[in-house]
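Subject: Structure handover

Hello,

Here is the structure I promised to pass on. Please open it alongside this note.

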Amino acid sequence: MHRPGISLEDGSKVAVIGGGPAASFFAITLLREAGRRGFRPDVRIFERRSGMTAPDGQLRLPTSGCNYCAGGISPRMSDVLDELGIEIPPEIVQDRVRTITVQSHWKNLELGVPEDRRMYSVYRGSRPVARSFRLLSFDAVLLGAAAKAGARVVNGTVVGLERSDRERPVVRFRQPSGDSGESFEADFVAFAGGVNQTPGGRLDRTGLIGDLGRMIPGFAPPAVRRTLIFELELSEEFAGSMTGDLTFILFGSRDLRLEMGSLMPKGRFVTVVLIGPDIDRGVPSRSAGRIVSTFLSLPHIRRILPPHLVKRTVSCVCRPSMVVGCAAAPVGERIGIVGDMVTSRLYKDGIYTAYLTGSGLAHAALAGGIDRRGLGAGYLPLIRRLEADLRSGRNVFLMMSLAFRNPFLSRMTYQAILRERRMLPKSRRRLEAILWRVASGDDTYSRIFRAMLHPQALLSFLVRGALVTVRNWLTECLFGLRWTGLGRFPTGVPREDLAEKTRDLRKRLGDGIGRFHDFGRMYTIRIRAPARRIVGVLGQMGDREKEFLRPRFVDVRRVEGEANAPGSVIEYSIWLKALSFRMSLERFDPDRGLIYRVRDGFARGGVLVLDIDQRRSGRGRSRDCRLSVLVAFDFARGTGVLKRAVWALYRRLFPSFVHDVVWNHALCRIKDVVEKKERRRHLPPGNPGGPGPQR
């Protein structure tokens with residue numbers, strides 16, 4: 001029977017079932033807003049995990065606690081925490097994300113996190129047990145904030161929901177120390193129990209879901225699919241090199257079909273989340289252990305997680321449900337549902353959705369009352385917007401799948417974004433902005449999908465990306481550059497990074513670095529190896545048996561001196577003699593790289609800088625470097641009218657992209673050679689072969 005105008009009052013009893021983020025955000029919002037209105041409800045949060053209150057008031061969860069979540073805090077969620085005044089202790093922040101890498105069939109794309117945006121990783125529970133401060137968790141901090149706002153946290157497992165003779169909701173629960181059940185009659189109930197009461201279990205009409213169906217006519221839980229989450233422990237030296245790098249996986253293999261995955265760094269550990277057809281099925285023969293093993297054996301994953309630097313035994317593993325739909329009828333008389341049991345943002349940033357639903361229900365209860373009509377008027381518009389956004393999310397990921405899994409389209413995507421980075425300021429890079437918003441969760445899927453369909457974005461992708469891809473492929477064929485068995489990694493440098501890096505080189509090295517106006521190109525690649533080993537491989541340049549920089553029609557050989565010896569001379573002999581030249585090694589530093597100066601022939605006076613920037617680990621030692629190549633020169637001007645005209649025409653027609661193609665291949669080959677040597681160094685005695693070629 002509908003009772004209009006039922007409102008919360010001073011002392012009204014509010015039960016919140018569940019102790020996750022949605023429950024805490026609901027309680028915090030309700031109590032703070034009620035306080036502004038001059039009354040104080042009695043809010044009790046029923047949390048089944050045992051906990052204890054520390055002297056500072058924060059809740060510590062037990063060793064058995066787990067929340068089946070990647071634990072990523074998006075920029076939008078970080079902003080919300082600031083607005084709410086909730087400070088996350090440094091012991092809980094596992095890593096600050098600096099770079100997001102999006103896995104692509106052609107090449108990975110790296111996105112730097114802007115200085116004014118914050119992303120970081122946390123643990124929401126207390127696993128894995130081997131980590132430090134494992135009794136501190138993100139959920140506990142939120143519960144502590146709810147308790148500080150005035151909520152009472154009750155340690156008990158809710159076993160049933162029903163209505164009393166007065167038509168009020170009654171929560172039946174059992175405390176850990178009690179054999180008999182207890183009950184709490186409330187004026188209003190917010191259900192925040194989530195979809196993983198039994199991880200990966202079916203959401204059928206039994207237990208609490210059946211009770212919700214009886215309490216709320218027409219209620220149906222959201223659609224879910226299974227996911228696989230596991231923790232990997234990294235070697236100490238490798239953990240430092242993964243710091244700050246969040247990776248999204250967009251494809252697997254024929255043996256392991258994946259749609260989406262992520263590698264979230266967390267100090268000594270990395271949290272891996274996998275979604276896809278082979279995860280959905282859960283066939284007994286493909287147990288979690290077998291899926292983990294198959295995943296770690298994928299060539300593109302071995303590049304990210306080298307086998308010799310990752311412990312093969314997982315620290316913990318679970319197969320929970322992930323929400324991919326929206327519940328029907330999430331509100332009833334004196335009851336509302338928040339969190340995963342209503343909906344969640346597709347594939348990522350579920351914590352932010354928990355905030356939206358938790359705070360949204362609290363505002364609806366205060367503004368329109370706690371009867372079904374009042375709750376529906378204030379809450380259902382939000383749910384409809386989230387449902388529409390979820391539909392847009394499916395379209396976004398469909399387009400992402402097409403753009404990143406297909407060999408040709410993924411190369412088009414990479415080239416289109418790289419062209420934006422080289423030619424345009426950040427404010428005008430549409431494709432890069434779209435990719436950032438998808439990967440970071442820093443916008444709604446509805447706005448992202450509209451941005452994908454913008455004519456300029458489509459033009460950049462379909463026309464410019466295609467033209468550059470075909471041009472570069474033809475150049476590779478002409479110069480005999482093959483990618484078989486070779487990893488493909490990003491080497492392009494955005495225009496702002498080029499300017500900054502050039503200024504740094506000019507300040508550090510002087511001698512005319514950066515004074516060239518006609519031609520300047522820089523390429524950068526990340527190599528997981530000490531600087532001295534990289535320099536050792538660079539010394540091969542000019543050797544007859546060198547393993548890189550071997551384009552057809554170009555003979556690169558040392559004609560004077562020894563490898564990496566100042567004064568040694570390397571000759572670039574090209575079929576067109578006018579383009580041949582010699583360069584001498586001007587500077588050599590085993591920890592920073594080499595500088596060559598063109599001494600005669602084409603591009604006389606120009607420079608080739610091979611610079612190594614070492615990323616320092618916590619102990620000061622680095623196995624993670626950035627090798628940058630700077631090629632810069634001015635064209636000849638000529639002395640006579642005819643020669644000046646010829647050189648002016650040549651400057652306009654000079655195929656700069658050939659340098660891009662050749663050095664892109666050379667840097668990937670250098671990385672491959674160096675890292676293979678590193679893997680062999682870590683192999684146990686008696687296993688000299690090591691892993692085979694990887695793409």
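Below is what I found in it, from the whole chain down to single residues.

This is a predicted model, in which local features need pLDDT of at least 70, side-chain atom pairs count only at pLDDT 80 or more, and totals for chains, interfaces and linings use all residues. Residues are numbered from 1 along each chain as its sequence is written, and side-chain values use heavy atoms, with hydrogens and water left out.

**Overall**

The protein chain has 18 helices and 30 strands. Both are DSSP runs numbered from the N terminus: helices are H or I with at least four residues, strands are E with at least two. Along the principal axes, the C-alpha atoms fill a box of roughly 105 × 60 × 45 Å. Of the 695 residues, 57% count as buried. Buried means under 20% relative accessible area, exposed means over 50%, and partly exposed is in between (1.4 Å probe, protein chains only). Take the contacts in the chain with a separation of 6 or more: residues 24 or more positions apart account for 70% of them. Contact means heavy atoms within 4.5 Å.

**Cores**

A nonpolar core here is a set of buried Ala, Val, Leu, Ile, Met, Phe, Trp, Tyr and Cys residues joined through side-chain atoms within 4.5 Å. The largest one has 93 residues, and Ile100, Met541, Tyr572, Leu608 and Trp663 touch the most other members. Helix α18 (residues 656-682) gives the largest share of this core, 10 residues. Leaving aside neighbours within four places in sequence, Trp663 is in contact with Tyr523, Leu549, Tyr572, Leu608, Leu610, Val629 and Val631. A second, separate core has 81 residues, including Val43, Ile45, Phe138 and Tyr352. In soluble globular proteins, nonpolar side chains tend to be buried together.

**Helix pairs**

Axes are lines fitted to C-alpha atoms, for helices over the stretch in contact, and angles run from 0 to 180 degrees between N-to-C directions. Angles under 35 degrees count as roughly parallel, over 145 as roughly antiparallel, 65 to 115 as roughly perpendicular and the rest as oblique. A crossing is left-handed if the near helix is turned anticlockwise from the far one by less than a right angle, and right-handed if clockwise. For residue classes, Ala, Val, Leu, Ile, Met, Phe, Trp, Tyr, Cys and Pro are nonpolar, Asp, Glu, Lys and Arg are charged, and the others, Gly among them, are polar.

- α1 (residues 21-36) and α3 (residues 138-149): the axes come within 9 Å and cross at roughly 20°. That makes α1 roughly parallel to α3. The crossing is left-handed. The contact has 10 nonpolar, 1 polar and 1 charged residues.
- α9 (residues 350-368) and α10: they pack at about 155°, with axes 7 Å apart. The two are therefore roughly antiparallel. The crossing is right-handed. Here the residues divide into 9 nonpolar, 6 polar and no charged.
- α10 (residues 372-405) and α13 (residues 445-452): the angle is about 40° and the axes are 8 Å apart. That makes α10 oblique to α13. The crossing is left-handed. This contact has 9 nonpolar, 4 polar and 1 charged residues.

**A covered helix**

Helix α4 (residues 207-215) is mostly covered, with 7 of its 9 residues buried. Among the buried ones are Leu208, Ile209, Asp211 and Met215. The buried residues of α4 pack against β11 (157-163), β12 (169-174), β14 (188-191) and β23.

**Single residues**

Most residues other than glycine have a negative phi. Arg334 has a positive phi of about 65° although it is not a glycine. Arg334 lies in the loop between β22 (331-332) and β23 (335-337). Is Arg334 buried or exposed? Arg334 is buried, at 6% relative accessible area.

Phe553 also is not a glycine, and its phi is positive, about 75°. Phe553 sits in the loop between α16 (531-538) and β25 (554-560). At 42% relative accessibility, Phe553 counts as partly exposed.

Last, Gly240 is in helix α5 (residues 236-242) and is partly exposed, at 25%. The C-alpha atoms of Gly240 and Asp624 are separated by 8.4 Å, and the two are 384 residues apart along the chain.

Best wishes
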